[in-house]
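Reader: I have not looked at this structure before. Please take me through it in questions and answers.

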Amino acid sequence: MLTITQVLYDQIVAHARKDHPDEACGVVAGPAGADRPERFIPMLNAAMSPTFYEFDSGDLLKLYRELDDRDEDPVVIYHSHTATEAYPSRTDISYANEPGAHYVLVSTADTDGLGEFQFRSFRIVDGEVSEEEVRVVDSY
């Protein structure tokens, strides 16, 4: 289960809305080994595409150095889908290389009649996708 604060949830959704119609992407870091998302880090979608996201390689290197320096892990790796449901694509699955991370997808397309935005979390390990419950809390 992903437990995330309302503030972080709102920041992720706001980023997805802001970057629409392009996919948004970013990371929420937390203390190493704690599985607690704390620090919101919006990233630039270097692909600038409505159907694909890609972290800039230089930004990604800088991010991982910063995470190491701060003794943090990438607890949540998020991106948006602008025209499809919030479910990992084959490309998303092939790029998922953090087995301990929660992969959050936000859909800015109304594909299910439940509203404009879907916010879903998945674990992706060795190509296997499993959806997990998302619990939004006021604070930890």
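Author: Tyr53 is a place to begin: Tyr53 has a relative accessible area of 10%, and buried means under 20%, with exposed over 50% and partly exposed in between (1.4 Å probe, protein chains only), so Tyr53 is buried. This is a predicted model, in which local features need pLDDT of at least 70, side-chain atom pairs count only at pLDDT 80 or more, and totals for chains, interfaces and linings use all residues. Residues are numbered from 1 along each chain as its sequence is written, and side-chain values use heavy atoms, with hydrogens and water left out.

Reader: What kind of aromatic pair do Tyr53 and Phe55 form?

Author: Rings of Phe, Tyr and Trp (its six-membered ring) pair if their centres lie within 6.5 Å; planes under 30 degrees apart count as stacked, over 60 as edge-to-face and the rest as tilted. The centres of Tyr53 and Phe55 are 5.6 Å apart, with 85 degrees between the planes. Phe55 is buried too, at a relative accessible area of 17%. The pair is edge-to-face.

Reader: How many aromatic pairs are in the whole structure, and which kind is the pair of Tyr9 and Phe119?

Author: A search of the whole structure finds five aromatic pairs. Tyr9 and Phe119 have ring centres 4.2 Å apart and planes at 35 degrees, so their pair is tilted.

Reader: How many residues apart are Tyr9 and Phe119?

Author: Helices (H or I, at least four residues) and strands (E, at least two) are DSSP runs, numbered from the N terminus. Tyr9 is in helix H1 (residues 6-19) and Phe119 in strand E6, so the pair links distant parts of the chain. Tyr9 is partly exposed at 24% relative accessibility, whereas Phe119 is buried at 14%.

Reader: Is His102 buried or exposed, and which side chain does the side chain of His102 meet in a polar contact?

Author: His102 lies in strand E5 and is buried, with a relative accessible area of 0%. A polar contact is a pair of N or O atoms within 3.5 Å; within protein, one must be able to donate a hydrogen and the other to accept it, and residues adjacent in sequence count only if both atoms are side-chain atoms. At 2.7 Å, the partner of the His102 side chain is the side chain of Asp35.

Reader: How far apart are the end C-alpha atoms of helix H2?

Author: The expected span of a helix is 1.5 Å times one less than its number of residues. For the 14 residues of H2 (residues 57-70) that should be 20 Å, and the end C-alpha atoms agree, at 20 Å.

Reader: What follows H2, and what is its phi?

Author: At the start of H2, a side-chain oxygen of Asp56 reaches to within 3.0 Å of the backbone nitrogen of Gly58. After H2 comes Asp71, whose phi is positive, near 55 degrees.
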